[in-house]
Amino acid sequence: MADIAKLVEELSKLTVLEAAELAKALEEEWGVSAAAAVAVAAPAGGGDAGGAAEEKDEFDVILTGDGGKKIQVIKEVRGITGLGLTEAKGLVEGAPKPLKEGVSKAEAEEIKGKIEAAGGTVELK
């Protein structure tokens, strides 16, 4: 427990930017996000077990088009995927293409919102 308290104390000293970088690194290392952890923990608290077992928990986000706003969509794709300019441009120009695969419903909806706000179109599978 003392180690956890020490870790929490050290993490409290991080700037917002450093905390965001840490979160991204942990997501990449373990393949999970804070939103996914909350979504997984929620059914454990009790509820309709039959409905929870039927609900899809992993989604693929497919970029289907740029809606005529290619530059804005490329910017969002870069922010979401961490791709370089050339790779993001190729992904947008090659739509329909998978943007992210196997993400939580919350993350998929967040990505969809960002791309649609930039003018693009997205499909969740």
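## Close-up views of a predicted model

**Figure 1. The whole chain.** Residues 24 or more positions apart account for 66% of the chain's contacts with a separation of 6 or more. Contact here means heavy atoms within 4.5 Å. This is a predicted model: local features need pLDDT of at least 70, side-chain atom pairs count only at pLDDT 80 or more, and totals for chains, interfaces and linings use all residues. Residues are numbered from 1 along each chain as its sequence is written, and side-chain values use heavy atoms, with hydrogens and water left out. The chain has seven helices and three strands. Helices (H or I, at least four residues) and strands (E, at least two) are DSSP runs, numbered from the N terminus. Along the sequence they follow the pattern α-α-α-α-β-α-α-β-α-β. Of the 125 residues in the chain, 19% are buried. Buried means under 20% relative accessible area, exposed means over 50%, and partly exposed lies in between (1.4 Å probe, protein chains only).

**Figure 2. Helix α5 (residues 70–81) against helix α7 (residues 105–118).** Two packed helices are described by the angle between their axes and the distance between the axes. The axes of α5 and α7 come within 8 Å and cross at roughly 155°. Axes are lines fitted to C-alpha atoms, for helices over the stretch in contact, and angles run from 0 to 180 degrees between N-to-C directions. The two helices are therefore roughly antiparallel to each other. Angles under 35 degrees count as roughly parallel, over 145 as roughly antiparallel, 65 to 115 as roughly perpendicular and the rest as oblique. α5 passes α7 in a right-handed crossing. A crossing is right-handed if the near helix is turned clockwise from the far one by less than a right angle, and left-handed if anticlockwise. From α5, the contact uses Gln-72, Val-73, Glu-76, Val-77 and Ile-80; from α7, it uses Ile-111, Lys-114, Ile-115 and Ala-118. These residues divide into six nonpolar, one polar and two charged. Ala, Val, Leu, Ile, Met, Phe, Trp, Tyr, Cys and Pro count as nonpolar, Asp, Glu, Lys and Arg as charged, and the others, Gly among them, as polar.

**Figure 3. Helix α5 against helix α6 (residues 85–93).** Here the axes come within 9 Å and cross at roughly 120°. That makes α5 oblique to α6. The crossing of α5 and α6 is right-handed. Among the contact residues are Ile-74 and Arg-78 of α5, and Leu-85 and Leu-91 of α6. The contact divides into seven nonpolar, no polar and four charged residues.

**Figure 4. Glu-107 in helix α7.** Is this residue buried or exposed? At 18% relative accessibility, Glu-107 counts as buried. A polar contact of 3.4 Å joins its side chain to that of Lys-100. Such a contact is a pair of N or O atoms within 3.5 Å; within protein, one must be able to donate a hydrogen and the other to accept it, and residues adjacent in sequence count only if both atoms are side-chain atoms.

**Figure 5. Two loops.** A cis peptide bond joins Ala-95 and Pro-96, with omega about 10°. Most peptide bonds are trans. Pro-96 sits in the loop between α6 and β2 (97–103). Gly-68 is in the loop between β1 (59–65) and α5. Gly-68 is exposed, with a relative accessible area of 71%.
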